[in-house]
Amino acid sequence: MNASAVVRLAALAALATACAPQRAAPPRPDEKAIRAALDSALATVPPALAAKDTAALANIFTADATWILPDASSFTGRADIEAGADKFFKTFDSATIDLPTIDKLIVVSDSEAVTFAHATYTMTVKGKAPEKGLNPFAQYWKKGANDVWRVAYEVNASGPVPSAAPTKR
């Protein structure tokens, strides 16, 4: 085979490859729908906390989730999370939490997302006066086969409510 035939054959192969049907890009996940679903799931937390309902609180988590509290105590699996919630609930007389606000949503796929969120709360620890606080938290969410979004990993912090907005640097 001469060089000219090789060049023509290579050009024909390149043309055939370029003309072959291309895979369509997968559709982008619907960020608004995902945010609405996560907001709906987060809306179950304030009533669960106020009622000290361990099962309702644990239900927001996947079966194998990890929940880390501000004191660094860690609970893995829904049963352990429910037991940890029971222990946590016994430390206070009452608590109210505002509806959590998602500050940042990162959509990983149509079945995975990461949120950075916060909520303010008022808690009356046994034997103390009520205190206001701020709970910033990060969550890794998974959408189950039943289309329900649940938290697979959550880490919490806690502190006083800032008296003024921090200055930007």
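The model is predicted, so local features need pLDDT of at least 70 and side-chain atom pairs count only at pLDDT 80 or more, while totals for chains, interfaces and linings use all residues. Residues are numbered from 1 along each chain as its sequence is written, and side-chain values use heavy atoms, with hydrogens and water left out.

Salt bridges were assigned where a side-chain nitrogen of Lys or Arg lies within 4 Å of a carboxyl oxygen of Asp or Glu. The count is 3 salt bridges. One joins K90 to D86, with 3.2 Å from N to O. K90 is exposed at 56% relative accessibility. D86 is partly exposed at 33%. A further bridge joins D93 to K126 at 3.3 Å, N to O. D93 belongs to strand 3 (residues 92-97), and K126 to the loop between strand 5 (112-125) and strand 6 (131-143), so this pair ties together parts 33 residues apart in sequence. Helices (H or I, at least four residues) and strands (E, at least two) are DSSP runs, numbered from the N terminus. D93 is partly exposed at 44%. K126 is partly exposed at 46%. In the bridge between D147 and K143, the closest N and O atoms are 3.9 Å apart. D147 is exposed, at 54%, and K143 is partly exposed, at 32%.

T91 sits in the loop between helix 5 (78-89) and strand 3. Its relative accessibility of 39% makes T91 partly exposed. Leaving aside residues up to four places away in sequence, T91 touches V125 and K126; contact means heavy atoms within 4.5 Å.

W67 and F75 have ring centres 5.8 Å apart and planes at 40°, so the pair is tilted. W67 is buried at 5%, and F75 is buried at 11%. F89 and F92 pair edge-to-face, at 5.8 Å centre to centre and 75° between the planes. F89 is buried at 3%, and F92 is buried at 0%. Ring pairs also link F61, W67 and F75 into a cluster.

K52 lies over the face of F92, 4.8 Å from the ring centre. This assignment requires NZ of Lys or CZ of Arg within 6 Å of the ring centre and within 35 degrees of the ring normal.

Note on methods: Buried < 20%, exposed > 50% of the residue type's maximum accessible area, 1.4 Å probe, protein only. Phe/Tyr/Trp six-rings, centres within 6.5 Å; stacked < 30°, edge-to-face > 60°.
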